[in-house]
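Subject: Structure handover

Hello,

Here is the structure I promised to pass on to you. Please open it beside this message, and then read on for what turned up.

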Amino acid sequence: MTETNAVTMPEDNAETTLTATPSVLICAGEGGIEMGRSVCSLAQREEVAERIQMIAIDSGSGKFEGLDDDIETVSLRTPDRRFHDHDEAQRHYLKPNHTSGGASGSIRQRPLGRYHFDNPERIGSHHDQIRRTIVEFVERFQDDPEIDGPEGVNVFQLVGAGGGTGSGIMPLVTGLLDNVLAELEEDLHPGFEHWAACSLATTSDFDGGGEAPDIHWRYPANTLALLDELRAITGYDDVEYPIRIPLLASKDRSNNRRSAYVIDDNPFSGVFLLRFNQDEVDDRSYREGIGRTTARLVLEWMRKDQDQFAGLENEVEALTHTFFEVRGASFEVPTDRIENLLAAKRKYRNAQEALSDLEADLDELSAAIEQLDVALQASTLVRGSSMIPGDEDVTSDGERPEVVQTAFKRATQVASNITPQTARLDGIKEELGELQDRRTYSFHDRIGGDQVQRAVFLAAVLEETNSVLRTHRFDALLNEFVEHNEAALAEFDASFDPTADPKDQFIQTVKPMLETTIQQVSKDIDDLGLTGRLTDREVYTSKKQKLEQSRSRLRELHGALDERDHLVQLGDAIKEEYDSTIATLESQRTSLAATKAEIESKRKTTAQRATAAQDSVDDYKEMIQNAPLGRFVTFPVAPGAEIQAEHFEDDPGIASLIRDGILDREAAVSRLQETLYDHENGTLGASLETRGKSRSPSQGRPVVFCTEGTHDLVWADASAGTPPKSIATDEFAKQPETVFCEDDHSIGVLAVYGGLSLDNFDHGYLRDSLFQGRATLWGKSIDLEDCYAYPEILPQDHPVSMRSRIENATLPQWGEDNV
C-alpha cells in the first residue's frame with residue numbers, strides 16, 4: 001500500500017546516519033532526567049544517538065545512578081551548615097520555613113532548588129561545565145572532516161515543572177544558556193535554537209497525607225509558579241526587558257565572572273508543554289508515555305530542517321506564539337501490570353481497615369459526647385419538659401441516652417425528698433455520695449461518670465431550691481404588708497419604691513418603719529404610766545394591741561427573710577458546686593471534641609486514600625483486561641493466543657507478532673481508532689486549557705512513526721471499520737504524515753498545538769486564590785508564595801513580585817555584568 005504523505009528514515013550508513021540536527025539536552029531535576037533518558041533511548045534505537053549530548057543537573061545524592069558514562073552530570077550540593085549559618089538570610093527568595101533537604105535534594109521547594117545552583121562554592125563551576133560541554137559537542141562535528149558542520153544546533157531544556165530542583169533552577173539555567181549561546185554563536189557560528197519541554201503537573205488528589213501532606217498540591221502550585229516566571233521571561237506578560245536574574249553568590253566570591261544573567265529578549269524558539277497527571281505518577285506506563293512523547297518531539301525537531309522532513313514539524317513557523325502544547329501516544333507490545341494491581345489492592349485493603357478502625361473510634365466518641373451534652377444541659381432540662389422522668393423518656397428533640405435518662409430520674413426523685421429550708425450543703429453532698437454508691441448503671445468509659453451524675457443531681461437539687469425560692473412566703477408577706485400600708489410607708493420614706501426587690505423594701509423601709517412604730521408605741525405606753533393605763537383603759541388597750549401586732553409582723557417578716565436568705569446561700573453554694581462540675585465536663589468535652597476532629601480528619605484523609613487506591617485497582621484491572629488508552633498503550637494479546645518464551649527470542653516487532661497471531665490486529669486497529677476519534681478529550685485532542693477553551697476539530701496534524709509493515713497492517717488498513725489514517729484525516733485540521741522507522745517495537749503518534757492561553761491552565765482556583773489572597777484549599781492552609789523562586793522577574797502587578805509583595809522595597813544592588 002502506497003503512502004503519499006510519508007518519508008523514510010535513512011538506512012544505517014556512514015553518509016546518512018548523522019543527518020539529524022545535533023541537539024544538546026539540558027535535563028534538570030528528576031523529571032527532566034527521566035525525559036532525557038527516554039530521548040537517548042529512542043535516539044539509540046533510531047541510530048542517531050551520536051547527534052545527542054545529554055547534560056543532567058540535579059541536587060541530592062544518588063540522582064545520577066544508571067546514567068551512561070557519556071552523559072555529563074552537574075551535581076548541585078551545598079553544605080547544610082553554610083545554608084543555616086549564612087546563606088539563608090542572604091537570599092531574598094528564601095523563607096524561614098525553607099529547610100535544606102541534604103541528601104534528598106530540594107524536596108519540592110523551588111526556592112531551595114535555585115539556591116542549590118546559585119551557591120558561592122559552585123556557581124562558577126556550573127557555568128563553566130555546561131559551557132565546556134556544549135563547546136566540545138559542537139566542535140566534535142566541526143572538527144571531523146568526514147562530517148559536514150551542522151547547519152544548526154538545538155538546545156533543549158527538559159524539566160518536570162512540579163518538582164523542586166528542575167523547576168526551581170529552570171529560569172536561572174535559561175539565563176545561563178541565553179548568555180552562553182550568545183557568546184558561542186559569535187565564536188562557533190553553529191546557529192543555535194533554544195527550546196524547552198516542560199511536563200506540567202495536574203492533580204485531583206491535593207492531599208498526599210502521611211508525613212508530607214503537601215506532597216500533592218505543591219506539584220500544580222510549583223507548575224503555576226514556573227509558568228508565571230516563564231511568561232515573564234518570554235514576554236508573554238507585559239514585562240520590561242532586559243530581565244536580570246541575579247547571581248547572589250557573586251557577593252560572596254569576587255572571582256565570579258558576572259553578578260547576573262541578563263535576558264534582553266525572549267530566549268526561546270519555542271516552549272513545549274506536556275500535561276503530567278500527578279495522580280498517575282505511580283503508573284510506570286504513564287511515566288513512560290510522557291518520556292516517549294518527549295523523545296518523539298525532540299527527534300522530530302532534530303529533523304525539521306531537512307528537505308525530506310519538511311512539514312512534519314506541524315508548521316511551527318506558522319505558529320506565532322512561544323508556547324506549544326504537545327500531545328502524543330506510544331503503542332507497544334504489552335507488559336505485565338499484575339504486580340501494580342496487587343500493590344494497589346494492598347493499599348486499598350490497608351486503607352479500608354484503617355477506615356473501619358477510625359469509624360469505630362468515632363462512634364465511641366460520638367456516644368460519649370452525646371452523654372456529656374445532655375449532662376451539660378442538665379440545668380435547663382430539669383426546669384422544663386425536655387427531660388421527662390418516667391417510663392417513656394423521649395423528648396421533642398428525640399431520644400436521650402438511656403443511661404442519662406436514668407440519672408435524671410434518680411436525681412429528681414432524691415432531690416424531691418430534700419427540704420431546702422433546712423438542708424445544708426454537706427448533707428446534700430452526703431445524699432449525692434449515697435446516690436453514687438447505689439448506682440447500678442454505667443456511663444461511657446471515655447467520660448467521668450461521677451461528674452456526670454454530680455452535674456445532674458446538683459441541677460435537680462438546685463432546681464428544687466430555686467423552686468422554693470420562687471414561691472417563698474417572704475415575698476407574699478411583704479407584698480401584703482405593703483399593700484395595706486403603702487400610704488404610711490410613703491409618708492415614712494418618700495423614696496420608697498413598691499416595685500423594688502422585696503428584701504430591699506424590707507431592709508430599707510419596712511423594717512425601719514416597724515421598729516420606729518414599736519419604739520413610738522412603747523414610749524406612748526410608758527408615758528401613760530400606771531394611772532393612765534387604769535383610767536384610760538381603751539387607749540392603753542389599743543396601743544398595746546398595735547405594739548404586739550407590729551412586733552409580731554416584724555418577727556414574722558424577719559423570720560421569713562432569714563429562711564429566704566438561708567435558701568439563697570444554699571442555692572449559691574449548690575450553684576458554685578454545679579458550675580465547677582460543669583467546667584470539668586466542658587473541659588472533658590473540649591478534649592473529646594478535639595480528638596474527634598482529629599480522627600475525622602484522619603478518616604477523611606484515609607477515605608481519600610481508600611478512594612484513590614480503589615481507583616488505582618480499577619485502573620490497573622482495566623489496563624490488564626482491556627489495555628486502556630493513554631499516552632503509553634499496550635496492544636491486547638489475541639484471544640486464545642498461547643504465549644511462549646520462544647516467540648520473543650528474536651525480539652519480534654509489532655508486525656511480526658500480528659502475523660504470528662500473538663497480537664490482536666483488530667484490537668490494535670481499534671485502539672488507534674479510539675485514540676483518533678476523540679478529538680476533544682482524547683490523548684491527542686485534549687487541551688491543557690480547561691476553562692473556556694476547546695478545539696474542534698483539533699489543530700495541527702498527527703505525525704505517525706512506525707515501520708512500513710506495521711503501517712500497512714494497522715494504520716492504513718483495517719479489517720473492520722474505518723482505517724486510522726482515514727479517521728485522522730477527518731478528525732484533524734491537516735493531513736496526517738507518516739515517518740517510516742527501522743524499529744518496529746512501537747507506533748508513535750505526535751501532535752503539536754499552538755496559540756495557548758496560559759491563564760486557562762488546569763487548577764485555575766489555585767491561581768485565583770493567590771490573586772485573591774485566600775491561600776487555602778478546601779479549608780487546608782497552603783503557601784503558594786512559597787513556590788515562587790524568582791519574585792524579582794515577575795510583572796509589577798503580580799502578587800508575589802518583589803515590588804508587589806514588599807511596599808517601597810529597596811532591591812539589592814546586583815551591579816552590572818563583568819564579562
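The peptide bond leading from Tyr241 to Pro242 is cis, with omega near 0 degrees.

Some ground rules before the rest. This is a predicted model, in which local features need pLDDT of at least 70 and side-chain atom pairs count only at pLDDT 80 or more, while totals for chains, interfaces and linings use all residues. Residues are numbered from 1 along each chain as its sequence is written, and side-chain values use heavy atoms, with hydrogens and water left out.

**Overview and confidence**

The protein has 21 helices and 18 strands; helices (H or I, at least four residues) and strands (E, at least two) are DSSP runs, numbered from the N terminus. Of its 819 residues, 51% count as buried, where buried means under 20% relative accessible area, exposed over 50% and partly exposed in between (1.4 Å probe, protein chains only). Among contacts (heavy atoms within 4.5 Å) with a separation of 6 or more, 77% come from residues 24 or more positions apart.

The average pLDDT (the predictor's confidence in each residue, from 0 to 100) is 78, and 76% of the residues score at least 70. Confidence is highest in strand E2 (residues 23–28), with a mean of 96, and lowest in strand E11 (residues 394–395), with a mean of 42. Two stretches deserve a careful eye. Residues 9–18 have a pLDDT below 50, and that stretch has 19 contacts in the model beyond near neighbours in sequence. Residues 387–397 are also below 50, with 16 such contacts. Where pLDDT is low, the predicted coordinates should not be read in detail.

**Two covered strands**

In a regular strand the side chains alternate between the two faces of the sheet. For E2, 6 of its 6 residues are buried: Ser23, Leu25 and Cys27 lie on one side, and Val24, Ile26 and Ala28 on the other. E2 is joined to strand E3 (residues 52–59) by 6 bridges, and the two run parallel. Leu25 has Met54 as its bridge partner in E3.

Strand E14 (residues 703–706) is likewise covered on both faces, with Val703 and Phe705 buried on one side and Val704 and Cys706 buried on the other. Two strands pair if DSSP finds at least two bridges between them.

Two packed helices are described by the angle between their axes and the distance between the axes. Axes here are lines fitted to C-alpha atoms, for helices over the stretch in contact, and angles run from 0 to 180 degrees between N-to-C directions. Angles under 35 degrees count as roughly parallel, over 145 as roughly antiparallel, 65 to 115 as roughly perpendicular and the rest as oblique.

The axes of H17 (residues 665–677) and H18 (residues 708–715) come within 9 Å and cross at roughly 80 degrees, which makes H17 roughly perpendicular to H18. Arg665, Ala668, Val669, Leu672 and Leu676 of H17 touch Leu713, Val714 and Trp715 of H18. These residues divide into 7 nonpolar, no polar and 1 charged; Ala, Val, Leu, Ile, Met, Phe, Trp, Tyr, Cys and Pro count as nonpolar, Asp, Glu, Lys and Arg as charged, and the others, Gly among them, as polar.

With H19 (residues 724–731), the axis of H17 again comes within 9 Å, but the crossing angle is roughly 0 degrees, so H17 and H19 are roughly parallel. Val669, Leu672, Gln673, Leu676 and Tyr677 of H17 meet Pro724, Ile727, Ala728 and Glu731 of H19. That contact divides into 7 nonpolar, 1 polar and 1 charged.

**Backbone details**

Most residues other than glycine have a negative phi, and most peptide bonds are trans. Glu47, in the loop between helix H1 (29–45) and E3, has a positive phi of about 65 degrees and is partly exposed, at 32% relative accessible area. Arg108, in the loop between helix H2 (80–90) and helix H3 (110–117), also has a positive phi of about 65 degrees, but counts as buried at 19%.

Best wishes
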